Amino acid sequence: MKSPIPDYLQAVLENARSITGGAPASYIETLAKADTSKMAVALAMVDGNLYSVGDDRVEFSMQSISKAFVYAMAIEDVGLPKVLDKIGVEPSGDAFNHLSLERGTNRPVNPMINAGAITAHSLLKGRTAEERTERVLRGLSLLAGRPLRVDEEVYQAELRSADRNMAIGYMLKAAGVVTGDPQEIVRGYIRQCAVTANVRDLALMAATLSNGGVHPVTGARVIPQASVRQVLSVMTTCGMYDAAGDWVSNVGIPAKSGVAGGIIGALPGQVGIATFSPNLDERGNSVRGVAICEKLSRDMGLHMMDVSQIAGATVRTAVATIVAGESEPEHPNRQREVIIFNLRGAVRFPGSERLSRALVRELGAADPKDPGSGRYAGACAVVISLRDVYSLNVVARRILLESIERLAVEERTVVVVDPTGVLQLDESIAMGRASRARVVKSETEARDYIGGKGCSAVLIQDGW
């Protein structure tokens, strides 16, 4: 069985492909020549599982996406009080390259506009632009889980059009916000923006924020937890420039965009998202990327203010051996194994993804790189218990149904225990073409269907 999630992501991507508005960033020569047909989306779960479709290996410069992570590095290097003394946290309502400082304090309004990001870069450990760039590359590479690099062509192109950023640097110097050579600081900031990544990298970086600063794959703490809270808070209110209000209302995920066409979103405790498409709207955000994120948020119930389903979901796996009953002592499934997947709580995308992944791992072919995978490929039946589930959102139901259908198409016996009808299916039309699937009200009905009337089962618990 294959996971249905990549197919869903591919459908979302293709749906957004028809959007033709916007244009690449014209003020940076290299970005202006971007291939606008390129598109990609990636999801990284907080336990490290990664899904990506489209042009997911195409690298592009991070641009302003780097601001969120360098802000975290500045907090780590000099402490939050000093950072707050230099950079505010209020939404600006202005374009990202606006030349303005906060009235009364002369601070940049927030770290997600250029003035604030240049200031954050100046606070990093390092006396020269080269040392600060090395600090940035080291930190971003840890977040991506692989070495990243500076695209020198993008850097040189951006440097040639850096008059406005240089003006911001001198403004910050005149206001006493930064010390040192403003040209050198701005050059370092531009190199920071020219660091390249792909959506897989960015999704893992976002998932590190979602996971409280712990990298989902390596398990290393990359960002202190207190810094994560600060960064996500500012991303929520300021990450999408002067479109922040629309974004919070429509998408509701802490996010950051970049003018090369990337967007990241980090939903605490659940998932990191990354999209890529070079065409930008008038606010500097990827047109297709915004549409993809709106679709994902709507389908998956990812809006952080959506409190319709509060509790999280868990998935537990158990294995049982069928013991035939007296009425059918020679039942063909006697002494055979049944694998049982129990879902609990309010099941949203992360819960259904967990189940889908468990099904693929336990019932698919053995993978030499994943000891234990394929252990129950020969199970005589698959039981999915929804007894302890009290709600399924739209995308969780869709993924669950698609998973059940794919199992049945593989000619597996599938039984769904659904005593309260949370799956919202009439048993007579339960699974469409999935003729071997059955919906029952209790575990007893499931056992009788699999092993014959009066059979029993010996359970072997196995946590997933």
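Is Glu330 buried or exposed? Glu330 is exposed, with a relative accessible area of 57%. This briefing concerns a predicted model and treats its salt bridges and its cysteines in turn. The structure holds 29 salt bridges and 0 disulfides.

- Arg334 is partly exposed, its relative accessible area being 34%.

**Salt bridge between Arg375 and Glu362**

- A salt bridge joins the side chains of Arg375 and Glu362, with an N to O distance of 3.0 Å.
- This pair links distant parts of the chain, as the two residues are 13 residues apart.
- Glu362 belongs to helix 14 (349-363), whereas Arg375 is in the loop between helix 14 and strand 10 (381-392).
- Glu362 is buried, with a relative accessible area of 1%, while Arg375 is partly exposed at 41%.

- Glu402 and Arg406 are both found in helix 15, which covers residues 394-409.
- They are 4 residues apart, about one turn of the helix.
- Their side chains form a salt bridge of 2.9 Å, N to O.
- Arg406 has a relative accessibility of 17% and therefore counts as buried, the cut-off for this class being under 20%.
- Glu402, with a relative accessible area of 28%, is partly exposed.

**Salt-bridge network**

- Salt bridges also link four residues into a network: Asp47, Glu353, Arg354 and Arg357.
- In general, side chains of opposite charge can pair when their charged atoms come close.

- The structure holds 0 disulfides, and Cys193 is accordingly in none.
- The cysteine sulfur nearest to Cys193 is that of Cys238, 17 Å away.
- Cys238 is likewise in no disulfide, and its nearest cysteine sulfur is that of Cys193, at 17 Å.
- Cys193 counts as buried at 1% relative accessibility.
- Cys238 counts as buried too, at 3% relative accessibility.

Terms used. Residues are numbered from 1 along each chain as its sequence is written. This is a predicted model: local features need pLDDT of at least 70, side-chain atom pairs count only at pLDDT 80 or more; totals for chains, interfaces and linings use all residues. Side-chain values use heavy atoms; hydrogens and water are left out. A disulfide is a pair of cysteine sulfur atoms within 2.5 Å. Buried means under 20% relative accessible area, exposed over 50%, partly exposed in between (1.4 Å probe, protein chains only).
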